[in-house]
Amino acid sequence: MAPGTQGAQPIHLLVVGTTAATDIAWHLRQAIELGAGASVQVVEQYLGDSTTAQFGNVVEHVWLGAGSRLDHVRLQDCAVSTTLVSRAEVHVAEGAALRSVALELGAGTARRELHVRLEGAGAQLDAWGAAALSGRQHGDVHYEVRHVARDTRCDLRWRGIADQRARAVFSGAIVVERGADGADARLSNRNLLLSPHAEIDSRPVLEIHADEVK
């Protein structure tokens, strides 16, 4: 998106998995680049009613220019016959902001990775999400945020609900690198088990290599 452009309407990316004649695998690469001062909202949605096994592999690259803003909503509700693996790498420049909201509901097995580098002074990240799993679903969510520049801020919040024999994993890692003084990093993870057979694993990680941080 060109510098200074303001997205008037959200961009909706829809991926639908339907029953095929045989088991299939599909691969998707997405790229989002915002110029300086640009802003847009993107809705990324995964749906499916497939009764045949599917393997999905999604890679996403995001570059946010100085002072830009991206509001990103992810809704994952694939069929339980689907295995979905996705990884997003985000670079946030000076004064830019990413707001990410995610809801993980579907797929038999799903892994979601979000890697964010706050590379410019004053870069910001708000990443909020939840997973609600049942049956024998397995959901794995991994967040990694690196504070590279001064006065950067992140707020990570994840909620998990597991019923029957479902298993959820949340791994949240925040790294404050040398020279990233003034960083403000927050991480919250709360979970609820609705069955004695359900399981949720929480793995918070914090590394600080700078002074004057919160």
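**An open parallel sheet and its salt bridges**

Modeller: In this predicted model, 7 strands form an open sheet with parallel pairing, in the order 2-4-6-8-10-12-14. Strands are DSSP runs of E, at least two residues long, numbered from the N terminus. Local features need pLDDT of at least 70 and side-chain atom pairs 80 or more, while totals for chains, interfaces and linings use all residues. Residues are numbered from 1 along each chain as its sequence is written, and side-chain values use heavy atoms, without hydrogens or water.

Biologist: What makes strand 2 and strand 14 stand at the edges?

Modeller: Strand 2 (24-34) and strand 14 (199-208) each have a single partner strand, so one side of each lacks a neighbour in the sheet.

Biologist: How do you know that strand 4 and strand 6 pair?

Modeller: Two strands pair if DSSP finds at least two bridges between them. Strand 4 (residues 54-64) and strand 6 (residues 82-92) have 11 bridges, in the parallel sense. Phe55, for instance, has Thr83 in strand 6 as its bridge partner.

Biologist: Why is the contact of Arg111 and Asp140 called a salt bridge?

Modeller: The term requires a side-chain nitrogen of Lys or Arg within 4 Å of a carboxyl oxygen of Asp or Glu. For Arg111 and Asp140 the N to O distance is 2.8 Å, so the pair qualifies. Arg111 lies in strand 8 (residues 109-118) and Asp140 in strand 10 (residues 138-147), 29 residues apart.

Biologist: Why is Asp140 called buried, and Arg111 partly exposed?

Modeller: Buried means under 20% relative accessible area, exposed over 50%, and partly exposed in between (1.4 Å probe, protein chains only). Asp140 has 15%, so Asp140 is buried; Arg111 has 29%, so Arg111 is partly exposed.

Notes. Helix = DSSP H or I, 4+ residues; strand = E, 2+ residues; numbered from the N terminus.
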